[in-house]
Amino acid sequence: MAAILTWLIPGAGHFYIGHRARGVIFMVVIALTFWGGVAIGGVRSTVQPRERRAWFMAQVCTGVHAFATLAISRQFDDSTPRLPADDVAVVYTGIAGLLNVLVIFDVLSRGDPAAAFATTGPRGPVSKGGT
Amino acid sequence: MNIVLSSLYVDPVELEGWQRLLLLLPLCLAIAIVYKTTKCDRLRDVPLASVVLWITIVIGMYVVGVGLFVIYELMA
């Protein structure tokens, strides 16, 4: 469940298991990286499932961010020419997706929510000696 | 302001060589922060560890880039 949440919304899985501060860091950093890439490459050209299939596989690991970019790009009509996105933009969005894969593995390694709450509390890890 | 922001997100930005090199910095910072946030047990250790990793990655990447450029120039 936490892994699926993390895939859909980066950082949400850590919220779910009680590591809220960690979740906020992942959420902010991955969102900034992805949308920074979209700002460089343009919303119509950065996420392209057909033209850049391998990069799209990485981009889609950001979940809602990639789907939102696809949905927004479909709002534009195709009458205006679509300029190719710079490779830097595609790398930014792809790296954001790959970072979220790392976050998914991290949330899986931190165990189930019951264990996390029992050892760290709902507001995140506590100092040694705490319950 | 809105026009600038909307045009930023609609049309691709044309980047020159040195601008691409500069854009390596925030990307490496993002990688360093996410990696160290997964590795550090205490979150207060994350900022310093991220900065150290960030500098290491940036210097390493630029050294590799300069090395490859020198090899390319020698073979040309």
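Trainee: Of the 76 residues of chain B, what percentage count as buried?

Mentor: In this predicted model, 20% of the 76 residues of chain B count as buried. Buried means under 20% relative accessible area, exposed means over 50%, and partly exposed lies in between, with a 1.4 Å probe and protein chains only. In chain A, 49% of the 131 residues count as buried.

Trainee: Before we go on, how should I read the numbering and the limits of the model?

Mentor: Residues are numbered from 1 along each chain as its sequence is written, while chains are lettered from A and ligands numbered from 1 in the order in which they are written. Local features need pLDDT of at least 70, side-chain atom pairs count only at pLDDT 80 or more, and totals for chains, interfaces and linings use all residues, with side-chain values using heavy atoms and leaving out hydrogens and water.

Trainee: Which elements make up the two chains?

Mentor: Helices (H or I, at least four residues) and strands (E, at least two) are DSSP runs, numbered from the N terminus. Chain A has seven helices and zero strands, and chain B has four helices and zero strands.

Trainee: What does pLDDT say about chain A?

Mentor: pLDDT is the predictor's confidence in each residue, from 0 to 100. Where it is low, the predicted coordinates should not be read in detail. Chain A averages 81, and 78% of its residues score at least 70. Confidence is highest in α3(A), at 92, and lowest in helix α7 (residues 113-120) of chain A, at a mean of 54. Over residues 126-131 of chain A, pLDDT stays under 50.

Trainee: Now the aromatic rings. How many pairs are there over all chains?

Mentor: A pair of aromatic rings is described by the distance of the centres and the angle of the planes. Rings of Phe, Tyr and Trp (its six-membered ring) pair if their centres lie within 6.5 Å; planes under 30 degrees apart count as stacked, over 60 as edge-to-face and the rest as tilted. By this rule there are two aromatic pairs over all chains. A:Trp7 and A:Phe67 have ring centres 6.0 Å apart and planes at 85°, so they are edge-to-face. They link distant parts of the chain: A:Trp7 is in helix α1 (residues 2-8) of chain A and A:Phe67 in helix α5 (residues 64-73) of chain A, 60 residues apart. A:Trp7 is partly exposed at 31% relative accessibility, and A:Phe67 is partly exposed at 37%.

Trainee: What about A:Phe34 and A:Trp35?

Mentor: Their ring centres are 5.4 Å apart with planes at 80°, so this pair is edge-to-face. A:Phe34 is buried, with a relative accessible area of 0%, whereas A:Trp35 is partly exposed at 22%.

Trainee: Which residues does A:Phe34 contact, leaving aside its neighbours within four places in sequence?

Mentor: Contact means heavy atoms within 4.5 Å. Leaving those neighbours aside, the contacts of A:Phe34 include A:Val47, A:Gln59, A:His65 and A:Ala96.

Trainee: And which residues of the largest nonpolar core touch the most other members?

Mentor: In soluble globular proteins, nonpolar side chains tend to be buried together. A nonpolar core is a set of buried Ala, Val, Leu, Ile, Met, Phe, Trp, Tyr and Cys residues joined through side-chain atoms within 4.5 Å. The largest one has 23 residues, and A:Ile30, A:Phe34 and B:Val34 touch the most other members. Two or more residues each come from α3 (20-41), α5 and α6 (87-109) of chain A, and from α3 (24-39) of chain B. α6(A) gives the most, with seven residues. A second, separate core of five residues includes A:Ala2 and A:Ile104.

Trainee: How does α3(B) pack?

Mentor: An α-helix has 3.6 residues a turn, so residues three or four places apart point the same way. Among the buried residues of α3(B) are B:Leu24, B:Leu27, B:Cys28 and B:Val34. The buried residues of this helix pack against α3 and α6 of chain A, along with α2 (17-22) and α4 (46-75) of chain B.
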